[in-house]
Amino acid sequence: MIRQDFNRIDPKRRNVVDYRKKQFAAPSYKEAQYPHRMNFYSTPPTADITLEQFEQWAIDRLRVLAELEACSFRNKSPAETAAHMKPLLDKYLPLEANSSSSTQLFAQRQRDHYGHYILRLAFASTEDLRRRFTRVETTLFRLRLQSDDLAERVAFVRGLDLDWEVVSDKERRALAAELAGFGGKMQADETWCKVDWERVPDLVEGRRVFLKEGKAYVPSREQQSMVVAEFAARLERALEVTARALPRLDEDDRLTPILDHLSKNFITPDAGYSGGSTAPDGAEITARNIDNLSQHFPMCMSNLHRSLRRDAHLKHYGRLQYTLFLKGIGLNLEECLLFWRQSFNKVTDDTFNKEYRYNVRHAYGDVGGDSNRRGGGYSPYSCQKILTEHPPGPGEAHGCPYRHFNMENLAALLQSNGVTDRAVLQGVKEDKDSQKFHMACNRVFEHVHKTELKRAKDDGFMTAAQLETIVHPNEYFKRSYLLKNQGKKDQQGSSGDVRMEG
């Protein structure tokens, strides 16, 4: 029998087609154009970007979304949120209007477009992440829409082609008395539309629309809420579609680790501490002064310090977490070795040199592999790393007290650090119960420093970076030290800028 192998297509000779042309035939997938500052993110971006851009654009957007969520946790009003977010949006996610005539419009809007879709991939995997992502993205959309130029906002909304039923002049005249009760004095150029009342629940709740036969009559000045509601509804549906498509991404070993890292960071934003190992201006960072400086430590490091003073010992992960923190506040290697030797006062010099000295030098990059030496050793742990890696076991003091302590022990630790206000302790309990661990830490920081924070804001001492929610123990220390010492010479100005980089 003759085999018909010659009819088979040789896979080596098959025609290679650009995947974008093969998958998407519609012209809507051509290179994106951005006629408006606002975006409903209806069409995925398809231009080529680098992996570095992919990760950095997502990290910058995540910072903004995490800070918006923090504003919600703190029950800030819309006006307070807008004022709080403005410098952070300008820093991480600028988005200028057409009227600005900026040469960066396309780059800004492309970055915004990609950042949204990258995080959509990262947060579509679970219902909780989808719900949180929708909530904070909708908050960001509303914030931008409210600050948009009126003419550009009108042009953007018209381009959405939303299925609103415009109220005719005849019907408007017939309902003039009723509509006037909700829209104020009737304006000749004011337009009204009507939609099912379920689409504008916030307007119904606020009694800002007229209801008749299941329809809400919405004046033009209130239609902004309808646009926001439509944005949220479409995003919810889109995330469900994205969730079903996620298994196909498992084949790409470049993107999956980045997306996994981003989704984990929604617990609390990850941040590399870029303040370096330099001490705040005027601070004496020496082994003998650590006890005095510990008043500025966050609870995780305060607990390590207390445990070390009590037991004259810490286990491996506790030593590593604390050593890197001390390195980050500006303690040099020689002073750090002296600090640990004096702290481990129950062991001999020989035991210390054999069992502990090398690990401290390795953390600083003084010994170890080439990459460790070139990079100056390991970086201080962020809140995200402390929360998610190496949970403490019996006899260990590292980790995050807000996550790893039970409430009774956490309350005792807080009270031993001077936090006795019942409202603060109750707020911490609520934050802990809802797994907002970094918010509990920020709540305590704001309570402990309430006098200094008020004075700093009144004096204009606070910088844009210092408005951000604290997500790094070393940032907690530096900000605390600068606030407590802001009245001293040379403490104002650039020394107050604590920079955060992903």
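Student: How many helices and strands are there in the protein chain?
Tutor: The protein chain holds 25 helices and 6 strands. Helices (H or I, at least four residues) and strands (E, at least two) are DSSP runs, numbered from the N terminus. The model is predicted: local features need pLDDT of at least 70 and side-chain atom pairs count only at pLDDT 80 or more, while totals for chains, interfaces and linings use all residues. Residues are numbered from 1 along each chain as its sequence is written, and side-chain values use heavy atoms, with hydrogens and water left out.

Student: What is the order of the strands in the open sheet of 4 strands?
Tutor: The order is β1-β2-β4-β3, with antiparallel pairing. Because β1 (165–166) and β3 (210–212) each have a single partner strand, they stand at the edges, and one side of each is left without a neighbour in the sheet.

Student: Why is A216 called buried?
Tutor: Buried means under 20% relative accessible area, exposed over 50%, and partly exposed in between (1.4 Å probe, protein chains only). A216 has a relative accessible area of 0%, and is therefore buried. This residue is in strand β4. Contact means heavy atoms within 4.5 Å; not counting residues up to four places away in sequence, A216 touches residues including C193, V195, W197 and F210. In the protein chain, buried residues make up 47% of the 502 residues.

Student: How do you know that the length of α10 agrees with its 23 residues?
Tutor: The expected span of a helix is 1.5 Å times one less than its number of residues. For α10 this should be 33 Å, and its end C-alpha atoms are 33 Å apart, so the two agree.

Student: Where does helix α10 lie, and at what angle to β2?
Tutor: Helix α10 (residues 223–245) lies across β2 and β4, running at about 35 degrees to β2. Axes are lines fitted to C-alpha atoms, for helices over the stretch in contact, and angles run from 0 to 180 degrees between N-to-C directions. The buried residues of α10 include M226, F231 and L235, and among the elements covering its buried residues are α4 (105–122), β2 and β4.

Student: Why is the pair of Y322 and F325 called stacked?
Tutor: Rings of Phe, Tyr and Trp (its six-membered ring) pair if their centres lie within 6.5 Å; planes under 30 degrees apart count as stacked, over 60 as edge-to-face and the rest as tilted. The structure holds 24 aromatic pairs. The ring centres of Y322 and F325 are 6.4 Å apart and their planes are at 15 degrees, so this pair is stacked.

Student: What makes the pair of F445 and Y476 edge-to-face?
Tutor: Their ring centres are 4.9 Å apart and the planes lie at 80 degrees, so F445 and Y476 form an edge-to-face pair. The pair links distant parts of the chain, with F445 in helix α23 (residues 437–448) and Y476 in helix α25 (residues 473–484), 31 residues apart.

Student: How do you know that the charged end of K327 sits over the ring of Y364?
Tutor: A charge sits over a ring if NZ of Lys or CZ of Arg is within 6 Å of the ring centre and within 35 degrees of the ring normal. The charged end of K327 sits over the ring of Y364, 5.6 Å from its centre.

Terms used
Pairing = 2+ DSSP bridges.
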